[in-house]
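I opened my notebook to record what I looked up, entry by entry, with the sequence and the model beside me.

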Amino acid sequence: ELRYGDTLMRFDFVWLRDHCRSASCYNTKTNQRSLDTASVGLDIKPQAVRVDETTLFLTWPDGHVTRYGLEWLVKNSYEGQKQQVMHPRILWNAQIYHQAQVPSVDCQSFLKTDEGLKEFLQNFLLYGIAFVENVAPTKEDTEILAKRVSLIRETIYGRMWYFTSDFSRGDTAYTKLALDRHTDTTYFQEPCGIQVFHCLKHEGTGGRTLLVDGFYAAEQVLRQAPEQFELLSKVPLKHEYVENVGGCHNHMIGVGPVLNVYPWNNELYLIRYNNYDRAVINTVPYDVVHRWYAAHRTLTTELRRPENELWVKLKPGKALFVDNWRVLHGREAFTGYRQLCGCYLTRDDVLNTARLLGLQA
């Protein structure tokens, strides 16, 4: 046991030996462990322990000395991690988002300056959505935009997708029908992390885009019915996509709970919500399934509250980036000819770009 500030920490001796940052145990150039963890005896104990105001010193049976800064230990202890969040964010409903007056970033600033890119990414990390203005309304220019942030994730829909309401794929998105709020690719084992939308042309009415902060809705469930939140984070479901249209033949299955949390601090990191693609529920026992439906209804009620709905009219020149692990999207029905292009981005690379600019991601 070790107390530093207001935090009481507990460490296993194997852990303390394994995380030694001495030159023989850790390569500071590559930030990789050199020590073979399997060589550490599971019954290891230090011969001597000393603590001063800033540092913990441990001398091991073979004479090796390990030093830890107490601030490093607080930051990296289990107790310290429980008090921190992995991803700082601002939860929002429509009013909160409008009042924040989150600015769009100009395309040239986004493409040409680190400041513009950093402002965009900060907005995206905090709110799960971000806009870029004054983009040339072409698929090629949208691709240049996407590549500024990340690698483009190629999927069964291709690299850059481009669609109209021609029902060329076996998906409701390729129609003029309204789409209820949902996250995409729930039928992937790893749902796509970020989605880019750019409306290139619309000659008609309707077609507004609906955005809902799924984490805000889930937070309301956690406050009102924590046992239902826990159920939604524990029960695994299948989502499925079966397509046989033209030359497209696909059968995708993804498995996971609706809410995905880090177990040490209960922080939500992914919501998998798509009533269109949810498969037969056959992974839930009889004595749980009714309680799951009740919990799902509670979450759905929150997601469908009008005050949680942010409606946006996508127009040529305004590109939208959506965190598909957090923000649900939908659309109202529309008339006329509508062209939309976009792509999916690899989440790791977006977060990598943000960290390299000094953001916590």
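Which residue caps the N-terminal end of α8? I found that Asp-213 does, with a side-chain oxygen that lies 3.1 Å from the backbone nitrogen of Phe-215. For polar contacts I noted the rule that a pair of N or O atoms lies within 3.5 Å and that, within protein, one must be able to donate a hydrogen and the other to accept it, while residues adjacent in sequence count only if both atoms are side-chain atoms.

I kept in mind that this is a predicted model, where local features need pLDDT of at least 70 and side-chain atom pairs count only at pLDDT 80 or more, while totals for chains, interfaces and linings use all residues. Residues are numbered from 1 along each chain as its sequence is written, and side-chain values use heavy atoms, with hydrogens and water left out.

I then went along α8, which covers residues 214-224 (helices are DSSP runs of H or I with at least four residues, and strands are runs of E with at least two, numbered from the N terminus). Among its buried residues I listed Phe-215, Tyr-216 and Val-221 (buried means under 20% relative accessible area, with a 1.4 Å probe and protein chains only).

Next I looked up Pro-191, which sits in the loop between β12 (179-182) and β13 (194-203). Pro-191 is buried, with a relative accessible area of 5%. Its contacts (heavy atoms within 4.5 Å) include Arg-153, Leu-270 and Trp-325, when residues up to four places away in sequence are not counted. I also noted that the C-alpha atoms of Pro-191 and Leu-270 are separated by 9.1 Å, although the two residues are 79 residues apart along the chain.

How values were computed:
Buried means under 20% relative accessible area, exposed over 50%, partly exposed in between (1.4 Å probe, protein chains only).
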